Every structure is written in structure tokens, then in C-alpha cells.
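Here are my notes on the model, as numbered points. Please read them with the coordinates open.

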Amino acid sequence: MPSIHAPSSFITATLTWLPQPPSRSLLLVRLRENSGAPGTYAIQALHSHDLYSAEGQLATAAILSTAQHLCTPQPPDAAAVVIIDEPPPHRPGSIPALSQLAMQLRGTLTTTGTPLVGAWTITTTEPGSAWVSLLDDNRGVLTSAPPEPPARPRRDTGVGHDLASAAVDVTAGRSAPGDDPNAFADQLDQARVLARRRLRLVLCMVYAVNAGVELRIDRLAEVAEALEDPAVRDVLYAFAVGRNGPTALKLWTLLIRELPIRRRGVPAMLATLTHYTSSDYTSTGETSRIALTQQPDDPSLQTPAAAITATDPAELLRAIAHSGRCTAADLGIDID
């Protein structure tokens, strides 16, 4: 996958086009790959989204829905993310939680055919301020302050491996595409309602199976479709590593047995997370193998699998899954 190797300059160039960089925001950058220069990009558009919900939690569900909307039906060549948060102790989120959000964004964008080539978080825009990569272990500092934005965007300024501090092309503003912002807000509300309905369906099926109810094939198909929703999957990862996680093992086992091969990966990984965080290592290996062999290119499966392969502490997985709890709160659902 192509990557951008000059984060400091890229972040600075991105901030150039914001009259006042918004605190507690996520900037989604649509990129166009420069013809004849693989690995270098020009910015097509920049979209800002509130990082936190009104309750002060990561607005994961809303961010994922927005990202999917912005990259469908015409996906850009690539995308990047810059998160502007507050410095400690006022910073509500944590680096692991923001990393999990970036991984979920990568999975969501992958479904639209858009690779996420970079994701970074900063707390201030001043020179010398630290940036941290959310997709790997890289970190550094901003080397220059963003200059005043020009009166008009200058087109076709490349960014990538040899990015200079020049201005970057932006062909759209901070608002979402379309003439009617209310229509866009309605679409986001509809996506949130759909995610809430799907999540409730899955949780109801968890308790139905435990009560001895035999699920019809059409119900299993509905659950399988719900598991394809990034927001639903986000919450269920948190559910799987929580105290109620074992209650869903019967449903995950049923789905692994009954679903087509291409749809077994998610329930297998949910079972894996529950087994691992419950110290049931004898069952972890088999379910993890199913998850990875059935859907080897799914980053939302590869990320927890890598943590389990590295034998990361269960508490770390629970901490990373905190974003799923925030998503559940954002959807108005209690998973405890």
C-alpha cells in the first residue's frame, strides 16, 4: 500500500487550508495520486468532523458513517486523516483509542475501495509540536507553522515522498458535498438509525440463542449483514471483551457453522477475542485461524489477530476496544 513519508510537511500543508484549525476535530483528506509519480498525491478535498459527541465521547459511529458517505460512490485514489485534539490533561481520548478509530476508518474506507495511507494526531499547530502516527510507531514534530491560506486554491501541487512546504490543492471546502447541508445531516441520521437497529438485532439474537431459540436461516442472514456494518462491528468488539462477552459465544459458534465461508471471519474473530480475554487459549487458535483464512485482507480482523499473535495483555485489548463502548453510547445502547 502506498504511504506518505513526510508527515510533518503533509500535516502543515493540510492545515494551510483551514483559516483556524478546529480543535477536537478529525480532518478527512481526499487524495488524488499524481500520474507518473506513484506514491505522491494532490489533495482533492478536505472535510472536518467533530471528534467527540455531545457527551464527550469519541463520535465513532458518526465519523465512520461520514467517511463512508464521502467516499461513495466515487472513491478517491487514497485518503489520509489528521486528528486535532487537546493536550493532556484536557484530552478526553487516548492514543490507543484514536489508533483504534484510525483502524476502523481504514476498514470502512477499504469497503469503498479507498486506501487510508496515513493517519496522525496532533494537539497544537505550532512549530515543535509533536505528531503521532496512528497506523504505526512513527512520531515527530511539526517543523513549520501553517502559512496564511491563499486567496484562491492553487491547483495540482503534489504531496508525497518529496513534499515541500508549498500550498496544497484543495478543490472543496470543509463542508460535505451537496447543496443542502440538511439533506446530508439527514443521511447521517439515517445511517445512525440503521446501525442502532442492526446492533439491537444482533444483541437480541445473542439472548435468543442462549434461551434455546432456533434461528431461521433468514435471521442468520440478517445477523451476517449487520456484522458488515463498521459501527456494529466496533461495538461488538467491545462487547466481546467485556463481562458479557461469553454470552454471545453460542451465536458466534452458530454463525461460524452455518454462514457461507466468506462471512465467517467476523463471528470467528468475535469468538477469538472472547476466548482470549477469558484466558481460554485452547479455543483461541482455532477461531483465529478461521477468521484469518476466510477473510485474510480485512484490516478489522488483522489488527486484533496481530495483537493476539503477539500475546498482548488482555487488558490492552480491552483498552483499545474502549472506542466500541463510545460508539455504543453514541448509538444510545448499553452493552454492560
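1. Start with a strand pairing. Isoleucine 83 has threonine 121 of β4 as its bridge partner. Strand β3 (residues 78-84) runs parallel to β4, with six bridges between them. Two strands pair if DSSP finds at least two bridges between them. Helices (H or I, at least four residues) and strands (E, at least two) are DSSP runs, numbered from the N terminus.

2. Ground rules. This is a predicted model: local features need pLDDT of at least 70, side-chain atom pairs count only at pLDDT 80 or more, and totals for chains, interfaces and linings use all residues. Residues are numbered from 1 along each chain as its sequence is written, and side-chain values use heavy atoms, leaving out hydrogens and water.

3. The other partner of β4. Strand β5 (residues 130-133) pairs with β4 in the antiparallel sense, over three bridges. Here isoleucine 122 stands opposite tryptophan 131 of β5. Seven of the seven β4 residues are buried, so the strand is largely enclosed by the rest of the structure. Buried means under 20% relative accessible area, exposed over 50%, and partly exposed in between (1.4 Å probe, protein chains only).

4. The aromatic pair. A search of the whole structure finds one. Phenylalanine 10 and tryptophan 120 form it: the pair is tilted, at 5.4 Å centre to centre and 50° between the planes. Phenylalanine 10 lies in helix α1 (residues 7-15) and tryptophan 120 in strand β4, so the pair ties together parts 110 residues apart in sequence. Rings of Phe, Tyr and Trp (its six-membered ring) pair if their centres lie within 6.5 Å; planes under 30 degrees apart count as stacked, over 60 as edge-to-face and the rest as tilted. Phenylalanine 10 is buried at 0% relative accessibility. Tryptophan 120 is buried too, at 3%.

5. Threonine 114 sits between α3 (95-111) and β4 (116-122). It counts as buried, at 1% relative accessibility. Its side chain makes a polar contact of 3.0 Å with that of threonine 112. A polar contact is a pair of N or O atoms within 3.5 Å; within protein, one must be able to donate a hydrogen and the other to accept it, and residues adjacent in sequence count only if both atoms are side-chain atoms. Glycine 113, which follows α3, has a positive phi near 85°.

6. Helix α3. Of its 17 residues, 13 are buried, so α3 is largely enclosed by the rest of the structure.
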